[in-house]
Amino acid sequence: MSPFDIAFQHATPHGVLTAVHIPDSSDPVPERVLARLPAEEATYARSLRAYRQVSFVGGRLALRTACVQLGDDPPAILPTELGAPKLPGHVTGSISHKRTLAIGMVGQSRNGTLGVDLEEYAPTRLNIASAILTEAEQETIRQLPEDRRWIALLTRFSIKESIYKALNPHVRRYIDFKEAEVTPDLEGGAHIRLNLVHSEGPFAIEARYEWFQGRLLTSVRARPHD
């Protein structure tokens, strides 16, 4: 597959997902690729440099293709002041990218706002545990066999990244990793306990995770609790 071609498309419980190949390179994105974006998006992309430009273009192509699969064709998707993709009000979406792959997931806003995250298995970084996990989560990880600790940590880390993106439209601030406690189950879901420092909410929140092709994909859907 060539750079910026579709890698795969996937229907998930939270929304429609598209993945796009991106080059592991800081070279400028070719004009023929920028021409696939609406004019405003292409202009914004030209203002970016190196991998920021590559990941922006790949993410927008992924998100736009996912929108089409949902039956939508939005205008230029520019970033909000907090960096999230600005979509029409009836659509919610999120983007993530890792080295050679960018993903975009979209769904209907009436079902809740979305956050998505993509992580690669390697390299192992167990030293991030104290910055990412609550004391209770760290104790849970310590009790696991050594060969399971990194995957357990990575799953929690990725779900917390997705939580931040899903809650961003509601709280409009940075959310620390320790403001959420995540307990993954064995069926691709997780229990989430929020402890937001500004007491926003309450929120109904649900998480999904799956492993594929050497990567971990997580998504979170959130909405104010009725």
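A contact is a pair of residues with heavy atoms within 4.5 Å. By this criterion, and leaving aside residues up to four places away in sequence, Ile-205 touches Ile-163, Leu-167, Ile-192, Leu-194, Val-220, Arg-221 and Ala-222. Ile-205 lies in strand β8, which covers residues 203-212. Between Ile-205 and Ala-45 there are 33 Å from C-alpha to C-alpha, at a sequence separation of 160 residues.

The model is predicted: local features need pLDDT of at least 70 and side-chain atom pairs count only at pLDDT 80 or more, whereas totals for chains, interfaces and linings use all residues. Residues are numbered from 1 along each chain as its sequence is written, and side-chain values use heavy atoms, with hydrogens and water left out.

The chain contains six helices and nine strands, defined as DSSP runs (helices: H or I, at least four residues; strands: E, at least two) and numbered from the N terminus. Its radius of gyration is 17 Å, close to the 17 Å that the globule rule gives for 226 residues, so the chain is as compact as a globular protein of that length. The radius is taken over C-alpha atoms, and the rule is 2.2 Å times the number of residues to the power 0.38.

| Property of the chain | Value |
|---|---|
| Buried residues, of 226 residues | 49% |
| Accessible surface | about 11100 Å² |

Buried denotes under 20% relative accessible area (1.4 Å probe, protein chains only), and accessible areas come from the Shrake-Rupley method with a 1.4 Å probe. Carbon and sulfur atoms hold 51% of the accessible surface.

Conventions
Buried < 20%, exposed > 50% of the residue type's maximum accessible area, 1.4 Å probe, protein only.
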